[in-house]
Structures are given as C-alpha cells and as structure tokens.
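Subject: Structure handover

Hi,

Here is the structure we discussed. My notes follow below it.

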Amino acid sequence: MKPWVRILATIGWTFAFLVPVAYVCAWAIEGHYEVPLEAGSFRFERPWAALLLVAAPLVWLARAWLHHDHAPRILLSRTGDLAKVARGGLRLWAAPALVGMRVVAVLLLVLGLMGPQSIHARDSAEIEGIDMVLTLDVSLSMQAGDIQPNRFEAMQDVVDDFIRRRPNDRMGAVVFGRDAYTLLPLTTDKEALRGMIAELELGMVDGRGTAIGNALGTALNRLRRSEAESRVVILLTDGDSNSGNVSPDQAAEFARTMGVRVYTILMGQDESARVQAGTDVFGRPLWDRGNFPINPELMQRLAERTGGESFVASDRRGLEQSFHSILDRLERSEIEDTGRVYGELFPALVVPALALMVLELLLASLWLRRWP
C-alpha cells in the first residue's frame with residue numbers, strides 16, 4: 001500500500017470509529033444521565049487538561065507513520081509477485097483500523113480527564129429556614145476556665161452542634177476581638193461553616209479587646225441583602241464592649257431599623273474567673289485568677305431594643321440551653337437556595353475508550369497480527 005493511500009485509509013478508519021462512538025457517548029449522557037447536550041447543562045472541572053488533546057494527533061503520527069516505517073521487514077529478492085498478491089487483501093485494508101481505534105480511545109480518555117460534569121441548578125428551589133449570623137467572641141478572655149474545658153472550646157463545641165441541628169437555615173459567621181471580621185458570609189454549606197469554626201484558634205485575631213459594636217455592624221452588613229422574613233444575629237460574648245469605632249447602642253439601632261433581631265448570650269459566672277497560666281513539670285495545668293469585666297445590662301438592652309432576648313450561660317449546660325431557647329422562639333421563612341449540584345459524566349467517555357482499546361488489542365493479537 002502506497003504511503004498516501006495508507007494515510008487516507010487511517011483517516012477514514014478514524015472517522016469511521018469516531019462517529020458511532022460519539023453517538024454512543026451522546027446517547028449515554030442524554031439517556032442514562034439525563035443531561036441535555038447544551039452549553040449550560042454541563043461543565044469541565046479541569047478544562048486545562050484539554051492541552052492533552054495534542055496526544056491524539058501524536059498517536060496518529062506515531063502509529064500510522066513512524067511505527068509503520070520502522071517495523072521489521074523480510075528482505076526478498078523478488079517482491080513484485082508478492083505485492084500483487086497482497087494488493088487487494090482485506091487484512092491489508094483493515095490494518096489502519098488499529099490506529100483509528102487508538103486515536104479515538106485517546107481522545108475519549110483526554111475528554112474524561114477534563115472532568116465532564118452535569119450541572120443541576122436549583123435557581124428557584126425554596127426551603128424553609130432563617131438567615132442568621134453567628135457573632136463569636138474570640139478575645140483572650142475566652143480562655144477562662146469557668147466553663148469546661150474553657151469558654152472558647154465550649155463555644156466551638158456547642159456552636160458546632162447548633163449548626164448541625166439547623167440543616168435548612170442559611171448561616172454566616174463573624175468573629176471579633178479588638179475588631180470584627182467576617183469568617184464566612186451567608187451560606188447553606190454547613191460543612192464549610194463547621195470546618196472553619198473548628199479551625200479557629202485564640203490569637204488568630206487581635207484579642208486585646210472586645211468590639212461588640214463593630215461585631216454587630218459587621219454581622220448586619222452580611223444580612224443587608226437578605227430577603228428572608230426572619231433575620232437574626234446571635235451574639236456570643238463574655239465581656240463588656242471596650243474597643244471599636246461603633247458603639248453597641250448605635251449598632252442596635254441599625255438592627256432595629258433593618259428589622260434584625262439580636263439574641264445575646266453572655267458567657268461566664270462573674271468578672272473573676274480562673275485562667276490557665278501554664279503547666280507544671282508533670283504537664284498538669286497551673287491556674288490563676290483573671291478579672292474580666294462583664295456588662296449584662298448592655299446585653300439585655302441590645303436584645304430588648306431589637307426584639308430579641310438575652311441569656312446568661314454560667315456553665316456548659318446553660319450555654320447549650322441558651323442556643324436551644326433561641327431557636328424555639330424563631331419562626332421559619334422561605335429562603336432561596338441558589339446552589340448547584342454537579343454530577344460526574346466521565347464514565348460515558350472512559351468506558352467506550354476502554355472498549356476500543358480492548359478491541360484493538362484483540363485484533364492486533366489475532367486477525368490483524370503482523371508477521372514478522
């Protein structure tokens with residue numbers, strides 16, 4: 001077979017396999033996965049893997065040209081009669097099919113590596129819940145040990161359980177010490193929120209103060225665009241406001257204007273609490289007494305002005321009951337969930353690719369086996 005004829009035959013076999021295989025893949029995606037082949041119905045998770053598409057023409061070049069020219073041959077004194085015999089043989093014309101199968105298989109594997117995924121949008125799905133922002137004190141006074149094991153760790157555990165029990169609420173989180181910062185805006189991704197709260201540590205923000213006014217202002221900013229009927233800020237602190245450039249009363253007035261209720265939880269037994277001061281030579285904790293001013297009147301005023309309620313938690317059980325009491329007083333409202341769910345589509349491409357490679361291997365080992 002002349003070189004140009006072999007090239008045309010290889011191209012023809014490649015398209016002969018590509019067309020039916022593409023039909024099978026399309027049928028699998030639309031029929032089995034029920035995903036329409038439209039631009040907005042699927043995506044590629046790793047589009048950069050498209051750079052590997054250059055492998056398909058390289059395979060064609062290597063198998064159809066270089067491999068054929070460097071294959072072993074038997075030197076004969078007279079080849080004219082042999083060429084006449086082989087010129088019209090079926091195996092001779094079918095041999096380029098092996099290259100076509102390999103090229104199509106590589107193309108499908110590359111598309112599979114690109115991570116095709118279906119997109120199931122929930123643009124109009126509504127669920128019952130509340131928009132709320134957890135506003136958490138991470139000042140240094142939270143290391144006091146009057147609530148076991150200390151105020152900060154007890155807060156993390158109780159808040160984690162609280163989030164887990166509220167699957168239909170949109171929640172955000174704000175942390176504050178000397179200033180306030182958004183930890184996570186409103187989201188329905190509870191695992192992300194729980195993970196970020198679990199990774200909090202004292203000292204991650206400046207804890208040499210308690211900016212309650214700034215914390216409330218930051219939380220209200222997160223609720224500013226919310227359209228839920230019930231919008232709530234849960235303020236958990238163990239001290240008095242002694243930092244920031246927004247007063248708590250001013251922030252409470254903003255909340256009242258916005259229709260946001262503030263529920264406050266004041267942690268701690270009194271102003272004097274024990275604090276771990278280190279460990280002894282045996283690794284046992286050494287405790288000292290610390291003075292942490294509190295202002296229950298301020299917490300009460302913030303809650304009453306915004307239509308919320310104030311709680312005092314002097315121990316772990318009181319902290320848990322405070323959260324449950326808050327939720328018992330909240331009605332639900334319908335909120336829109338604009339999240340998306342992605343489904344994997346790569347099997348619809350990888351399975352036909354593997355089938356082609358197995359078929360190529362069988363044909364190359366049996367009917368189209370080359371000798372020598």
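Phenylalanine 162 is buried, at a relative accessible area of 2%. Buried means under 20% relative accessible area, exposed over 50%, partly exposed in between (1.4 Å probe, protein chains only). Phenylalanine 323 is buried too, at 1%.

This is a predicted model: local features need pLDDT of at least 70, side-chain atom pairs count only at pLDDT 80 or more, and totals for chains, interfaces and linings use all residues. Residues are numbered from 1 along each chain as its sequence is written, and side-chain values use heavy atoms, without hydrogens and water.

Now the rings. Rings of Phe, Tyr and Trp (its six-membered ring) pair if their centres lie within 6.5 Å; planes under 30 degrees apart count as stacked, over 60 as edge-to-face and the rest as tilted. The count is 1 aromatic pair. The ring centres of phenylalanine 162 and phenylalanine 323 are 4.9 Å apart with planes at 40°, so the pair is tilted. Phenylalanine 162 sits in helix α6 and phenylalanine 323 in helix α11 (residues 316-328), so the pair ties together parts 161 residues apart in sequence. Helices (H or I, at least four residues) and strands (E, at least two) are DSSP runs, numbered from the N terminus.

Next, strand β4 (residues 131-137). 7 of its 7 residues are buried. β4 pairs in parallel with strand β5 (residues 170-176) over 7 bridges; pairing takes at least two DSSP bridges. Methionine 132 has methionine 171 in β5 as its bridge partner. On the other pairing, 6 bridges join β4 to the parallel strand β7 (residues 231-237). There, threonine 135 stands opposite leucine 235.

Best wishes
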